[in-house]
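Open the model in your viewer and keep the selection tool at hand. The tour goes from one selection to the next.

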Amino acid sequence: WAVGIMLFEVFSGAHPLEPLATQDLSLIADLERPMPSLRDVRADLGGLCDITDRCLRKRKEERFQSADELLTALSKCRV
């Protein structure tokens with residue numbers, strides 16, 4: 001999940017939850033409410049949006065299960 005936060009920041013220039021207020025913290029814990037999508041900010045990044053969004057999924061089993069799996073997905077986006 002933390003890698004997704006970093007990727008979102010690198011590609012968009014902002015934290016996905018910015019601006020974050022204390023009252024918003026309960027929304028983050030809501031598993032049914034998705035994180036913001038990088039595609040909404042930088043659709044031009046194509047597959048990198050999908051990878052970043054997958055990293056930001058709230059349910060652990062929906063994210064990449066290993067660094068190797070993430071690296072494989074990122075390698076396919078190399079230009």
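Select R54 first: with a relative accessible area of 25%, R54 is partly exposed (buried means under 20%, exposed over 50%, partly exposed in between, with a 1.4 Å probe and protein chains only). This is a predicted model, where local features need pLDDT of at least 70 and side-chain atom pairs count only at pLDDT 80 or more, while totals for chains, interfaces and linings use all residues. Residues are numbered from 1 along each chain as its sequence is written, and side-chain values use heavy atoms, leaving out hydrogens and water.

R54 sits in helix α4 and E69 in helix α5, 15 residues apart (helices are DSSP runs of H or I, at least four residues, numbered from the N terminus). E69 is partly exposed too, at 28%.

Now select T52, also in α4, residues 47–55. Is T52 buried or exposed? Its relative accessibility is 0%, so T52 counts as buried. Leaving aside residues up to four places away in sequence, T52 touches G4, L7, F8, F11 and L38 (contact means heavy atoms within 4.5 Å).

Next, pick D50 and R39. These two form a salt bridge, with the closest N and O atoms 2.7 Å apart. D50 lies in helix α4 and R39 in helix α3, so the pair ties together parts eleven residues apart in sequence.

Technical notes
Helices (H or I, at least four residues) and strands (E, at least two) are DSSP runs, numbered from the N terminus. A salt bridge is a side-chain nitrogen of Lys or Arg within 4 Å of a carboxyl oxygen of Asp or Glu.
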